[in-house]
Amino acid sequence: EFTDVTLLRAHEEQQDRHEHYDALTGLPNRALLADRLQQAIHRADRIGRNCAVCIIDLDDFKQINERHGRDAGDGFIVGVAENLKRVLRADDTLARLGGDEFVVLLTDVASAKEGAQVLDRILSAIARPVSVAGLHVHSSGSIGVSLYPADDADPDTLLRHADHAMQQAKQGGKARYQLFDPEVDRSARHRLEQLQHL
């Protein structure tokens, strides 16, 4: 009977890992990220601090896969994940959405300056070469950031806004971060509504 319980618990833990963690990197996946993001928003409301959602997309990752093969690409993703974990603070969450896309959830961001320092560390961590099968492989990353409560939105919208800012960072020359600006977004939507009205 004892072993049945042990096996059952092991099975439940395995199930939980499968549902909440990325198989390649062992990082939280989208489901666990959604939960942590909800908690971070509640905490930000309670203590009057900011939290930031940062979507990271590795620049030119496709070339790494094409040049060195899928296994090297996977090894590179794992290496980048390790480099990122080293520069984050204890309460921050690093998650992988799939492919070469990561999300960093920064809790308790006291000031814009503090946020910028963490983002600079993240960019440096991504740029650090990763050794994969005897090769030194490196890339850069484009980061889009949405800041709560300046961008007073629900978790899905915050992620979408961060993704939008990340696309802008890519268009702006890669290896940089871009903050989502709710004001600019509002006026753009307003112009679009006016055009549709006309």
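Does aspartate 108 count as buried or exposed, and at what relative accessibility? At 17% relative accessibility, aspartate 108 counts as buried, where buried denotes under 20% relative accessible area, exposed over 50%, and partly exposed the range in between (1.4 Å probe, protein chains only). The structure is a predicted model, in which local features need pLDDT of at least 70 and side-chain atom pairs count only at pLDDT 80 or more, whereas totals for chains, interfaces and linings use all residues. Residues are numbered from 1 along each chain as its sequence is written, and side-chain values use heavy atoms, with hydrogens and water left out.

The secondary structure of the chain consists of seven helices and seven strands, helices (H or I, at least four residues) and strands (E, at least two) being DSSP runs numbered from the N terminus. In sequence order these elements follow the pattern α-α-β-α-α-β-β-α-β-β-β-α-β-α. The C-alpha trace spans about 70 × 45 × 35 Å along its principal axes, and 41% of the 198 residues count as buried. With contact defined as heavy atoms within 4.5 Å, residues 24 or more positions apart account for 66% of the contacts that have a separation of 6 or more. The accessible surface comes to about 11,500 Å², of which 50% belongs to carbon and sulfur atoms; accessible areas come from the Shrake-Rupley method with a 1.4 Å probe, and for residues only the protein chains shown count as cover.

Charges were considered next. Lys and Arg count as positive and Asp and Glu as negative, while His and the chain ends are not counted, and the place of a charge is taken as NZ of Lys, CZ of Arg, CG of Asp or CD of Glu. On this basis the mean positions of the 24 positive and 32 negative charges are 6 Å apart. A patch of negative charge on the surface gathers Glu12, Glu13, Asp16 and Glu19, patches being made of residues with over 30% relative accessible area and no salt bridge, with like charges joined within 9 Å and nonpolar side chains (Val, Leu, Ile, Met, Phe, Trp, Tyr) within 5 Å. Of these residues, aspartate 16 lies in helix 1 (residues 2-20) and, with a relative accessibility of 36%, counts as partly exposed.

Side chains of opposite charge can pair when their charged atoms come close. With a salt bridge defined as a side-chain nitrogen of Lys or Arg within 4 Å of a carboxyl oxygen of Asp or Glu, a search of the whole structure finds eight salt bridges. One of them joins aspartate 22 to arginine 96, with the closest N and O atoms 2.9 Å apart. Because aspartate 22 lies in the loop between helix 1 and helix 2 (30-47) and arginine 96 in strand 2 (residues 93-98), this pair ties together parts that are 74 residues apart in sequence. Aspartate 22 and arginine 96 are both buried. Asparagine 29 is placed in the loop between helix 1 and helix 2 and counts as buried at 14% relative accessibility; leaving aside neighbours within four places in sequence, the contacts of asparagine 29 include Asp22 and Arg96.

A further salt bridge is formed by the side chains of arginine 43 and aspartate 108 (2.7 Å, N to O). This pair links distant parts of the chain, with arginine 43 in helix 2 and aspartate 108 in strand 3 (residues 101-109), 65 residues apart. Arginine 43, at 31% relative accessibility, counts as partly exposed. Aspartate 108 also has a positive phi of about 50° although it is not a glycine. The C-alpha atom of aspartate 108 is separated by 8.8 Å from that of glycine 48, 60 residues apart along the chain; glycine 48 lies in the loop between helix 2 and strand 1 and is exposed, with a relative accessible area of 64%.

Lysine 174 forms a salt bridge with aspartate 60, the closest N and O atoms being 3.0 Å apart. Since lysine 174 lies in the loop between helix 6 (155-171) and strand 7 (177-179), and aspartate 60 in the loop between strand 1 (50-58) and helix 3 (61-68), the pair ties together parts that are 114 residues apart in sequence.

Two backbone features complete the description. The peptide bond from tyrosine 148 to proline 149 is cis, with omega near 10°, and proline 149 lies in the loop between strand 6 (141-148) and helix 6. Alanine 133, in the loop between strand 4 (130-132) and strand 5 (135-137), has a positive phi near 45° and counts as exposed at 78% relative accessibility.
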